[in-house]
Amino acid sequence: MQVSEKDEDILSLYQKIILDHGKSPRNAGVVKQHNCRSEGKNPLCGDRVTVTAALGDEGQVLNLKFDGKGCAISIASASMMTEAVRGLRADDVRKMIQAVAKLCKEDTSDDQFFSEYGDGLGTRIEYLSALSGVRQFPARFKCANLPWQTLLSCLDGNDSATTEG
Amino acid sequence: MNALAYNTVKSESRVFDLDLVRQDFPILSRAVHDKPLTYLDSAASAQKPQAVIDVIRYQYEHEYANVHRGAYSLSEALTSKYELAREKVRQFINAKSDREIVFTKGATEAINLVSATFGRTLEAGDEVVITGLEHHSNIIPWQLLRDQCGIVLKIVPISDEGDVSLNEVELALTKKTKLVAISHISNALGTVLPIKEIAAAAHATGAKILIDGCQGIVHEKVDVKDLDCDFYAFSGHKLYGPNGIGVLYGKEEMLDAMPPYQGGGEMISNVTFEHSEWAELPAKFEAGTPPIVPAVGLGAAIDYLSSFDRKDITAHESDLLAYATERLQTLNSIRLIGTAEKKAAAISFVLEGAHPHDLATILDRSGVCVRAGHHCAQPLMDRFGVTATVRASFGMYNTREEVDVLIGALGRAREILC
């Protein structure tokens, strides 16, 4: 079958790395000694993800796991998140959450984006750029963003999050 | 123009010719992502024929005012069309009187109307029976009532095929059962329930029956007298009519005995600060300015449907369902959810290794619209151990070729995802 322009969008959404994380998620489960936990739920589409984290005294992420059910996009996003934020300080995690929302939503050029966020977050952000395929599928933004908003609510001391409505 | 034909109750009769039917629905000729639109989500909302679009447009362009109020010709003209829509609905479902036809904003409101009014006559310990395959709109109103006044909500279990047997319903009935509230056809699985037999069983124990007919009214000829149901609720937008309009059919003696639903204009006969009296049926249940033009649009949709022999439409939809079922079963690692013997026009499935939402996104790029999710029937999804399914559902305008497009697109989706 010939690859059309529309297929390219699809292939950029479902890149190998996304499908790989979607099928074999990393850090799936619960951090036993967690000191924060939040449950993200998108009731309309049924995606749900529970994030547990062990945070250090200064808010750095010592350990982070997720437990969830959902589409390839939300699971891959959660899985990649657990890898990308481990070891980061809380303010950098917040910056990264912002960066991911921008990455998945706004049509900024890569140069612009990396000059804004690359500093400090470096290669971790580059790693997450596979999520940018979502840009062409605004209806799926909420899937990619759910784990991140759940992590944010976790850091804020809240126990639930949603990216619907 | 078609808008003028609306004034006659009996519509012309036409032969069911699929090509011509498709031409009646202007949206079907558009493209999605440069592919022809393959609309397989009619169970969520059906597309509209030109005749419906024309009538709605005609009303707003030529004949719009509020109803039942103005002593001027515009209002009188639209009032008579609004009431004519009621008569068209009455004929369509063979109700005894147009006093039995209440217009609502949708089927959800129709069911909530019953739970809030008939429900108010129930007492703690009284039982309401629903089934395991209900849409949330036929679950939550009863849960709210349970929490409010202590009724007992009983759930009739469904089989592994997604079927509801008369026997299981009978087992749930006791002399405390006051209402059985069930779907005519399952929105998520397409299962057709034996509602006439269930109505008889309910009545035999002294219970009333409400039928959620959102899908049923579309795919089967409904005769409320023959069914002997106490309530039948449906929406306009699944029946090729506009959204924002629904119907609650209720037996006159039931509606008469029930307190009003909402208070406001239109539903009164006399108001003082001390005491108010209610209007006659059906106005008693139609507080405020009703969905006037949507009601007229529904009337036009009924005219359109009634111009065909309904048996031809049913036969066409059955053929599509059989063909789609057969073709889907040829795909590897597919699991059909809902394999009841009697089904109508909807088919739910999951594909191993591919989440329904991911499938739907990829199908969309082939122009194929399907519903992915829990179909507002989460307890049903739990019953089958899934969080979501893909549902392809058919309307009178779908074709076997569109089923082929679906199968091809699913194959492509699997190549990408699995």
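# Exercises on chains A and B

Chain B and chain A bury about 1600 Å² between them, 57% of it on carbon and sulfur atoms; buried area here is the accessible area (1.4 Å probe) that two parts lose on being put together, summed over both. This is a predicted model, in which local features need pLDDT of at least 70 and side-chain atom pairs count only at pLDDT 80 or more, while totals for chains, interfaces and linings use all residues. Residues are numbered from 1 along each chain as its sequence is written, chains are lettered from A and ligands numbered from 1 in the order in which they are written, and side-chain values use heavy atoms, with hydrogens and water left out.

## Exercise 1: confidence

Task: find the scores of the model and the mean pLDDT of chain B.

Solution. Start with the model scores: ipTM is 0.90 and pTM is 0.94. Next take chain B, where the mean pLDDT is 96 and 98% of the residues reach 70 or more. The pLDDT is the predictor's confidence in each residue, from 0 to 100.

## Exercise 2: the interface

Task: describe how chain B meets chain A, from residue counts to a salt bridge.

Solution. Step one is contact, meaning heavy atoms within 4.5 Å: 15 residues of chain B touch 23 residues of chain A.

Step two is charge. A salt bridge needs a side-chain nitrogen of Lys or Arg within 4 Å of a carboxyl oxygen of Asp or Glu. Between chain B and chain A there are 2 salt bridges. One of them joins R365(B) to D9(A), with the closest N and O atoms 3.0 Å apart.

Step three is polar contact: a pair of N or O atoms within 3.5 Å, where within protein one must be able to donate a hydrogen and the other to accept it, and residues adjacent in sequence count only if both atoms are side-chain atoms. Across this interface, 10 residue pairs qualify, both residues being at pLDDT 80 or more.

The elements giving two or more residues to the side that touches chain A are α14 (356-364) and α16 (400-417) of chain B. Of the elements, α14(B) gives the most, with 4 residues. Helices (H or I, at least four residues) and strands (E, at least two) are DSSP runs, numbered from the N terminus.

## Exercise 3: the open sheet of 7 strands

Task: trace the sheet in chain B that has mixed pairing.

Solution. The order is β4-β10-β9-β8-β7-β5-β6 of chain B. At its edges are β4 (101-104) and β6 (152-156) of chain B, each with a single partner strand, so one side of each lacks a neighbour in the sheet. The twist averages 20 degrees from one strand to the next. Inspect β5 (127-131) and β7 (177-183) of chain B, which run parallel and are joined by 3 bridges; E127(B) has T177(B) as its bridge partner.

## Exercise 4: local geometry

Task: where are P282(B) and N94(B) found?

Solution. P282(B) is in the loop between β12 (276-278) and α12 (292-306) of chain B. A cis peptide bond joins L281(B) to P282(B), with omega about -5 degrees. N94(B) is in the loop between α4 and β4 of chain B; N94(B) is not a glycine, yet has a positive phi of about 55 degrees.

Conventions. Two strands pair if DSSP finds at least two bridges between them. Axes are lines fitted to C-alpha atoms, for helices over the stretch in contact, and angles run from 0 to 180 degrees between N-to-C directions.
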